[in-house]
Amino acid sequence: MYATIRTYTGAGDLLAALTRNQDSVRSLMSAVPGFRSYYFIATPDGDGSSITVCDDEAGTGESNRVAAAWIAENLPGLSMAPPVISAGEVAVAF
């Protein structure tokens, strides 16, 4: 399994949009080949991180592309820095 973590600074508007559009986001992400799970973690300071787990590296790369395209299409006026992306093989899972 592979995971990708996208960390967003000032993610309040993004979180609100994700919450309003959960069904469409779920449909997009679950269509990624090898998709396993998606989470968005909101921090008290207004930042946030999304975590996507897929079967392989290709899936996590596609999830990053899908996420960026969804944000660009649905939140064109969002003034937020691009996310810091970390990705790699899942070393421990329960």
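A residue is called buried when its relative accessible area is under 20%, exposed when it is over 50%, and partly exposed in between. This tour of a predicted model relies on that scale at each stop.

**Stop 1: Asn21**

Select Asn21 to begin. This residue sits in the loop that joins helix 1 (12-20) to helix 2 (22-30). With a relative accessible area of 26%, Asn21 is therefore partly exposed. Along the chain, Asn21 and Asn74 are 53 residues apart, yet a distance of 9.7 Å separates their C-alpha atoms.

**Stop 2: Gly12**

Move to Gly12, a residue of helix 1. Its relative accessible area is 42%, so Gly12 also counts as partly exposed. The C-alpha atoms of Gly12 and Asp47 are 6.9 Å from each other, while 35 residues separate the pair in sequence.

**Stop 3: Thr52**

Select strand 3 (residues 48-54), and within that strand pick out Thr52. Is Thr52 buried or exposed? Thr52 has a relative accessibility of 0% and therefore counts as buried.

A polar contact of 3.0 Å links the side chain of Thr52 to the side chain of Arg6. Then extend the selection to the other surroundings of Thr52. Leaving aside residues up to four places away in sequence, Thr52 touches Tyr2, Ala3, Thr4, Arg6, Met29, Phe35, Ser37, Tyr38, Thr60 and Ser63.

**Stop 4: the whole chain**

Clear the selection and switch to a cartoon view. The protein contains three helices and four strands.

Turn the model to view its extent. Along the principal axes, the C-alpha atoms occupy a box of roughly 35 × 25 × 20 Å. The radius of gyration is 13 Å, which agrees with a compact globule, because such a globule of 94 residues would have a value near 12 Å.

Consider next how the chain meets itself. Among contacts with a separation of 6 or more, 71% are between residues 24 or more positions apart.

**Stop 5: surface and charge**

Finally, display the surface. Its accessible area is about 5700 Å², and carbon and sulfur atoms contribute 56% of it. Of the 94 residues, 31% count as buried. Colour the charged side chains to finish: there are 5 positive and 10 negative ones, and the centres of these two sets are 6 Å apart.

Key. Residues numbered from 1 in each chain as written. Predicted model: local features only at pLDDT ≥ 70, side-chain atom pairs only at ≥ 80, totals over all residues. Heavy atoms only, no water. Helix = DSSP H or I, 4+ residues; strand = E, 2+ residues; numbered from the N terminus. Rg over C-alpha atoms; globule rule 2.2 N^0.38 Å. Buried < 20%, exposed > 50% of the residue type's maximum accessible area, 1.4 Å probe, protein only. Contact = heavy atoms within 4.5 Å. Areas by Shrake-Rupley, 256 points an atom, 1.4 Å probe, with all protein chains shown as cover. Lys, Arg positive; Asp, Glu negative; His and termini not counted. Charge placed at Lys NZ, Arg CZ, Asp CG, Glu CD. Polar contact = N/O pair within 3.5 Å; in protein donor to acceptor, adjacent residues only side chain to side chain.
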